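Subject: Structure for you to look at

Dear colleague,

Please find the structure below, followed by what I found when going through it. I would be glad if you could read my notes with the model open beside them.

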Amino acid sequence: NMPPGKPEFVGGRLQQAREARGLTAMALADLLGVSRQAVSRYETGLDTPRPEVMEKICELLKHKQGWFFIPIVNEDEPTIYARSMASTSKMARLRVTARLRWLWEIVLPYLREFVTLPTVNFPTLALPYDILTLTSDSIEDAAANVRTFWGLQHGPISNVAWLLERNGAVVVRLETGDDTLDSMSCWHEGVPYIILGTEKSSAARARFDAAH
């Protein structure tokens, strides 16, 4: 259902939904039977799709019509880090980034109404800003400091995801749509988010991605 009053079509929602499905603007235009320029005008908010086009958009992108009229809160975009190969496509990154934005919207206004998340308890490490100046010794020291901060011994960690969640991280698994993209992470509104790809079923690989 649409919000009350006279809602306006939010072009940014269409762009999010398109990217989350791994579609280019041209591909979406072909599926909708409209021009590439029409999709661009929808996404920039210059035009609102006609009712018949809106119906196709909802069907193709799997969202109810009202969702496209929910305003997007303008926030500074955080730096998003990816564990990926050089061959990872731009579209694969956009696909996961769009879903990451939805995760922020789920956690901040909705999930916190029903669940008290653990307090964020991550250490601040004295590492150089330029990663090219990192040495093997400084990386080893950082790992040892994290273990000390979290009260860990030197042996194997039984459950890395549970350890991260217990210390305030939001960890989710989803299909990235590209087996060259293993995981993504960022800080948003003071909370660390970690997305682990499901394409590679190796538990050891997932543990390594989460730890990284």
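The sheet is open and has four strands in the order 1-3-4-2, with mixed pairing; strands here are DSSP runs of E with at least two residues, helices are DSSP runs of H or I with at least four residues, and both are numbered from the N terminus, while two strands count as paired if DSSP finds at least two bridges between them. Strand 1 (80-84) and strand 2 (170-174) stand at the edges with a single partner strand each, so one side of each has no neighbour in the sheet. Direction ignored, neighbouring strands of this sheet are turned by 15° against each other on average; axes are lines fitted to C-alpha atoms, for helices over the stretch in contact, and angles run from 0 to 180 degrees between N-to-C directions.

This is a predicted model, in which local features need pLDDT of at least 70 and side-chain atom pairs count only at pLDDT 80 or more, whereas totals for chains, interfaces and linings use all residues. Residues are numbered from 1 along each chain as its sequence is written, and side-chain values use heavy atoms, with hydrogens and water left out.

Strand 2 runs parallel to strand 4 (residues 191-197) and is joined to it by five bridges, and the bridge partner of Val-170 in strand 4 is Tyr-193. Helix 5 packs on the sheet, where it touches strand 1, strand 2, strand 3 (181-188) and strand 4, and its direction makes about 40° with that of strand 3; contact means heavy atoms within 4.5 Å. Helix 8 (residues 203-211) also packs on the sheet, touching strand 1, strand 2, strand 3 and strand 4, with its direction at about 155° to that of strand 4.

Turning to charged pairs, a search of the whole structure finds seven salt bridges, each being a side-chain nitrogen of Lys or Arg within 4 Å of a carboxyl oxygen of Asp or Glu. In one of them Glu-43 pairs with Arg-18, the closest N and O atoms being 2.6 Å apart. Because Glu-43 lies in helix 3 (residues 36-43) and Arg-18 in helix 1 (residues 11-20), this pair ties together parts that are 25 residues apart in sequence. Both Glu-43 and Arg-18 are buried, where buried means under 20% relative accessible area, exposed over 50%, and partly exposed in between (1.4 Å probe, protein chains only).

Asp-47 forms a salt bridge with Arg-41, with the closest N and O atoms 2.7 Å apart; Asp-47 is partly exposed at 32% relative accessible area, and Arg-41 is partly exposed at 37%.

In helix 8, Arg-205 and Asp-209 are four residues apart and are therefore separated by about one helical turn. Their salt bridge has its closest N and O atoms 3.7 Å apart, and it belongs to a network of salt bridges that links Arg-83, Asp-182, Arg-205 and Asp-209. Arg-205 is partly exposed, with a relative accessible area of 29%, whereas Asp-209 is buried at 8%.

Finally, Glu-199 lies in the loop between strand 4 and helix 8 and is partly exposed, with a relative accessible area of 32%. The C-alpha atoms of Glu-199 and Asp-182, 17 residues apart along the chain, are separated by 7.9 Å.
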